[in-house]
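Subject: Structure for your files

Hello,

My notes on it come after the coordinates.

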Amino acid sequence: MGRTMGVDRLDGGWWPRSRDLAAELGELIDHLPASCGRVVRARFSPPDWDPAPGAVAVNGGGHVTVDPLPGDDAHVIVLETSDLAVLHVLVVPPGFSEDQGAEALLAAATGGNGHPAGELLAAVVEYPDVDPADHWEDDGGSWWGDREAPSFRSRVRG
């Protein structure tokens, strides 16, 4: 992970292939870079998953405590590490198309993101034909000239 974690609203994205948290979370944790620290707890959004266990097995014979997030934090999983880091990770719905998933992951991993996960995913669904490789980098200029940008980043929040 090439940027500092905990600075932006989202620290990255994850695109599980099913709603089975026990199977999917173990894979995510087993593949996180060692620099993130050892994940000891995961808090999840219950609407995103089928019923979840209280703990998930990970490589090396260990386990991670799993708890639901309070409130309405849909499409986010919060990973807490033994190094006291807290990572907020976008959960891309398994049913997204390849283009939608790629755009959502890129947006979540782009430095400077400040939008909630649900808002980010709504923009991806609303503008399905946007090429993520062309439009998530922000150097302060206009991406779209005089046209309205097909991205939540151009909207004024009220």
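This is a predicted model: local features need pLDDT of at least 70, side-chain atom pairs count only at pLDDT 80 or more; totals for chains, interfaces and linings use all residues.

Residues are numbered from 1 along each chain as its sequence is written, and side-chain values use heavy atoms, with hydrogens and water left out.

The sheet

Helices (H or I, at least four residues) and strands (E, at least two) are DSSP runs numbered from the N terminus, and two strands pair if DSSP finds at least two bridges between them. Six strands make an open sheet with mixed pairing, in the order E1-E6-E5-E2-E4-E3. Strand E1 (12-14) and strand E3 (55-57) are at the edges with a single partner strand each, so one side of each has no neighbour in the sheet. From one strand to the next the twist averages 30°; angles run from 0 to 180 degrees between N-to-C directions, and axes are lines fitted to C-alpha atoms, for helices over the stretch in contact.

Going across the sheet from E1, the pairs are as follows.

- E1 pairs with strand E6 (residues 86-91) in the parallel sense over three bridges, and Gly13 stands opposite Leu90 in E6.
- E5 and E6 are antiparallel, with five bridges; Glu80 has Val86 in E6 as its bridge partner. These two strands form a hairpin with four residues between them, and Leu84 in the turn has a positive phi of about 70°.
- E2 and E5 run antiparallel and are joined by five bridges. Here Arg41 is opposite Glu80 in E5.
- E2 and E4 run parallel, joined by four bridges, and Arg43 has Asp67 in E4 as its bridge partner.
- E3 and E4 pair in the antiparallel sense over three bridges, with Ala55 opposite Thr65 in E4. Their hairpin has five residues between the strands, and Gly60 in it takes a positive phi near 85°.

The helices

H1 packs on the sheet and touches E1, strand E2 (39-44), E3, E4 and strand E5 (76-81), where contact means heavy atoms within 4.5 Å. The direction of H1 makes about 60° with that of E3.

Helix H2 (residues 98-109) and helix H3 (residues 117-126) pack at an angle of about 145°, and their axes are 10 Å apart. Their crossing is right-handed, a term used if the near helix is turned clockwise from the far one by less than a right angle. H2 contributes Gln100, Glu103, Ala104, Ala107 and Ala108 to the contact, and H3 contributes Leu120, Leu121, Val124 and Val125. By class, this contact has seven nonpolar, one polar and one charged residues. Ala, Val, Leu, Ile, Met, Phe, Trp, Tyr, Cys and Pro count as nonpolar, Asp, Glu, Lys and Arg as charged, and the others, Gly among them, as polar.

The largest pocket

A pocket is an open set of points on a 1 Å grid over the protein atoms alone, where a 1.4 Å probe fits, with protein on both sides within 12 Å along at least five of seven lines; lining residues have an atom within 4 Å of a point. The largest one has a volume of about 170 Å³, volume being the space filled by probe spheres set on the points, which are joined across faces, edges and corners. Its lining has 13 residues, and Ile29, Gly37, Arg38, Val39 and Val58 lie nearest its centre. Helix H1 (21-30) and strand E4 (63-68) are the elements that give two or more residues to this lining. By class, the lining has seven nonpolar, four polar and two charged residues.

Regards
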